[in-house]
Amino acid sequence: MLSAVLLIAISPCQAQEVVASRENDRAMTGEPIFSHGMYYTGMVNYEGEMIPSFLFADYYVFADLVFKNKAQAKKYYKIANNIKKVYPIACEIRKTVDKTIAHMDSLPTKKEKDAYLKQQEKELKAIYYPKLKKLTFAQGKLLIKLIDRQCDMTGYELIKKYMGGFKAGFYNAFASLFGASLKKEYDPEVDDRLTERAILLIESGQM
């Protein structure tokens, strides 16, 4: 049930409208999971005086979303809450992929690379299986898309590139049994426009 703070009673014809303001974002999704970044970059000369310099992370300003009814708002905030759940996992996977690729590039032979990948596959299953089995179906489908966003490759492409086409096809066929697809791409301009908005606000510590 939506909080009463989301009810906008401007006139009878607008009584069901809901605005996605910062206050309502906080009420519906809780405290931010990331802080707004500020980084010390050293001392700089300013008009003859040495002063500390700081770099602030991007801060996003969007026009408030106005939903026609509570059902539309509920859908948006459900997406935002799911992102808070799975986005950290997608970030972890991105770091793991980068680390794996860097290490594989340092190995001189295919035999060593195959052995390393086999070891990694076993370790990743031990790490991520307990996390993934706790996700809902909607969160699992969202994670597939966020992996594409973070890694610039779909889950299918990642598996195919580093573990071969057979395993990629097998895992995708298994996912299809549950109505999902590892080939699903992230589309921030159209299909995932609201998801992208929520991600930018979440990762910058604004939601």
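Visitor: How do you know that the length of α4 agrees with that of a helix of 15 residues?

Guide: The expected span of a helix is 1.5 Å times one less than its number of residues, so the 15 residues of α4 should span 21 Å, and since its end C-alpha atoms are 21 Å apart, the two values agree. Helices here are DSSP runs of H or I with at least four residues, strands are runs of E with at least two, and both are numbered from the N terminus. This is a predicted model, in which local features need pLDDT of at least 70 and side-chain atom pairs count only at pLDDT 80 or more, while totals for chains, interfaces and linings use all residues. Residues are numbered from 1 along each chain as its sequence is written, and side-chain values use heavy atoms, with hydrogens and water left out.

Visitor: What makes α4 mostly covered?

Guide: Eleven of the 15 residues of α4 are buried, a word that stands for under 20% relative accessible area, with exposed meaning over 50% and partly exposed in between (1.4 Å probe, protein chains only). Among the buried residues are Gln-139, Leu-143, Leu-146 and Cys-151, and what covers the buried residues of α4 includes α2, α3, α5 and α7.

Visitor: What makes a set of residues a nonpolar core?

Guide: The members must be buried Ala, Val, Leu, Ile, Met, Phe, Trp, Tyr and Cys residues joined through side-chain atoms within 4.5 Å. The largest such core has 37 residues, of which Phe-67, Tyr-76, Ile-83, Leu-143, Leu-146 and Leu-158 touch the most other members. The largest share of this core, 13 residues, comes from α2.

Visitor: Why is the pair of Tyr-60 and Phe-62 called stacked?

Guide: Rings of Phe, Tyr and Trp (its six-membered ring) pair if their centres lie within 6.5 Å, and planes under 30 degrees apart count as stacked, over 60 as edge-to-face and the rest as tilted. Tyr-60 and Phe-62 lie 6.3 Å centre to centre with 10° between the planes, and therefore the pair is stacked. Tyr-76 and Tyr-77, at 5.2 Å centre to centre and 65° between the planes, form an edge-to-face pair.

Visitor: Why does Phe-62 count as partly exposed?

Guide: Its relative accessibility is 32%, and because partly exposed covers what is between buried and exposed, Phe-62 belongs there. Tyr-60, with a relative accessible area of 24%, is also partly exposed, whereas Tyr-76 and Tyr-77 are buried.

Note on methods: Contact = heavy atoms within 4.5 Å.
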